[in-house]
Amino acid sequence: MLNKIEPSLPDPIMSLMEAYTQDPHADKVNLGIGLYYDHQGNIPVMQAVKIAEQRLVEQQRPHTYPPIEGAPLYANQVQTLLLGQPMARVATVQSVGGSGALKLAADFLYHALSRREIWVSDPTWSNHWAIFEGAGLQVKTYPYFDDNTGLVSFDAMMGALSCLPTGAVVLLHPCCHNPTGSDLTPSQWRSVIDLMHQRRLLPFFDIAYQGFGEGLEEDSFALRETLKTDLDFLVSHSFSKNLALYGERLGSLSICCASPSVASNVKGMLKTLIRRSYSCPPIHGSQIVETVFADPALYQNWVGELAAMRQRIRQMRISLSAALELQGASLDYARIRNQKGMFSYTGLNESQIGQLRHQHAIYLVAPGRMCLPGLNAHNIDYVTAAIVDVTRTTSKR
């Protein structure tokens, strides 16, 4: 019976990571997968996380089952981080990473709201397509980024959203847009939210990089503004990046409702979906968050560490952009400097990305997404020279 199963296509991002790991080149550089590296090229364990884990080991808590939806304290802390305070009209459940939150939301949209379509930005994170289509949703796009100008196509975006049917689900990136790194301004966000309110659309915010754009509060601007309306909305969220808890698969799904009673019913539906999928979430990562967020000193320690990570990424943007300008690169280096978060949509084409990989062992995700934390003082000159080389080579053709 199994012989009829055809070979599967490899995941473009994870397979790139595998190829990088196997590459013997001494100067190889990983600018592909979304991981934060420090200035030495290492994935750090944040000091606040170390202290929290030490406390958890000393407490020797039993490894029992948590509630289906995760711990209430964790939900309250997530709501405070995202929305400013715990809210009875918001149903929040712990999820298996940000990807798990997206899948849970997709199942909720399909089974509870009978939605069959979702609109995502063009471009968006490639796994959005796989997750939503796998849940039975038809994925459609709205204009977002103009690769020729390196800017957000805001007028085209607004025009497309204004034509969507009432109740349409629209996926939005509140900060650090993946893959472009190009975000809406506060005034543009207000216009989008006003339009969605007028059209009675259903916003679905995917916030995986809170704290890597402008700051924890600033990066949640779109969520807080939407709270001022009477719109229902969904928020998928991840602690993988801003607490460097990648392997703990720690995230959440929050759904803002009209009232506490509606939120209770929504949480019940989410618990049903969780129970028939993975039954309940893991506990170690959520206990780390609970420990860090419950201790004011430890929380401020984390906020400071996150700010330093954000500033290092920003400095790598400035340094790479300046180096490309100094060497007369034909690439649009200004967009690299101006974009936000871990990623930049560089404007490098598929041929140039192939040359970077095969001639220089520099790995980027097609079509041109660069993960800035992979740069450091030890490799930025090498990367700059390689980009100048491949852009000059292709421009001569």
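Leu-2 is exposed, with a relative accessible area of 66%. This description rests on a predicted model. It treats a surface patch that includes Leu-2, the buried strand β10 and the largest pocket.

- Leu-2 belongs to the segment that comes before helix α1, which spans residues 12-22.
- Together with Met-1 and Ile-5, Leu-2 makes up a nonpolar patch on the surface.
- The accessible area of these three residues together is about 460 Å².
- Leu-2 counts as exposed because its relative accessible area of 66% lies above the cut-off of 50%.

- Strand β2, residues 90-96, pairs with β10 in the antiparallel sense over 7 bridges.
- Within this pairing, Val-90 has Cys-256 of β10 as its bridge partner.
- Strand β9, residues 233-238, also runs antiparallel to β10 and is joined to it by 6 bridges.
- Ser-254 in β10 stands opposite Val-235.

**The largest pocket**
- The largest pocket holds about 620 Å³ of space.
- Its lining consists of 29 residues, and those nearest the centre are Gly-34, Ser-99, Trp-125, Tyr-209 and Lys-241.
- At least two lining residues come from each of α1, α4 (97-111), α5 (126-134) and β9.

Terms used: Residues are numbered from 1 along each chain as its sequence is written. This is a predicted model: local features need pLDDT of at least 70, side-chain atom pairs count only at pLDDT 80 or more; totals for chains, interfaces and linings use all residues. Side-chain values use heavy atoms; hydrogens and water are left out. Patches are made of residues with over 30% relative accessible area and no salt bridge: like charges are joined within 9 Å, nonpolar side chains (Val, Leu, Ile, Met, Phe, Trp, Tyr) within 5 Å. Accessible areas come from the Shrake-Rupley method with a 1.4 Å probe; for residues, only the protein chains shown count as cover. A salt bridge is a side-chain nitrogen of Lys or Arg within 4 Å of a carboxyl oxygen of Asp or Glu. Helices (H or I, at least four residues) and strands (E, at least two) are DSSP runs, numbered from the N terminus. Buried means under 20% relative accessible area, exposed over 50%, partly exposed in between (1.4 Å probe, protein chains only). Two strands pair if DSSP finds at least two bridges between them. On a 1 Å grid over the protein atoms alone, a cavity is a set of points where a 1.4 Å probe fits but cannot get out, and a pocket is an open set with protein on both sides within 12 Å along at least five of seven lines; lining residues have an atom within 4 Å of a point. Grid points are joined across faces, edges and corners, and a volume is the space filled by probe spheres set on the points.
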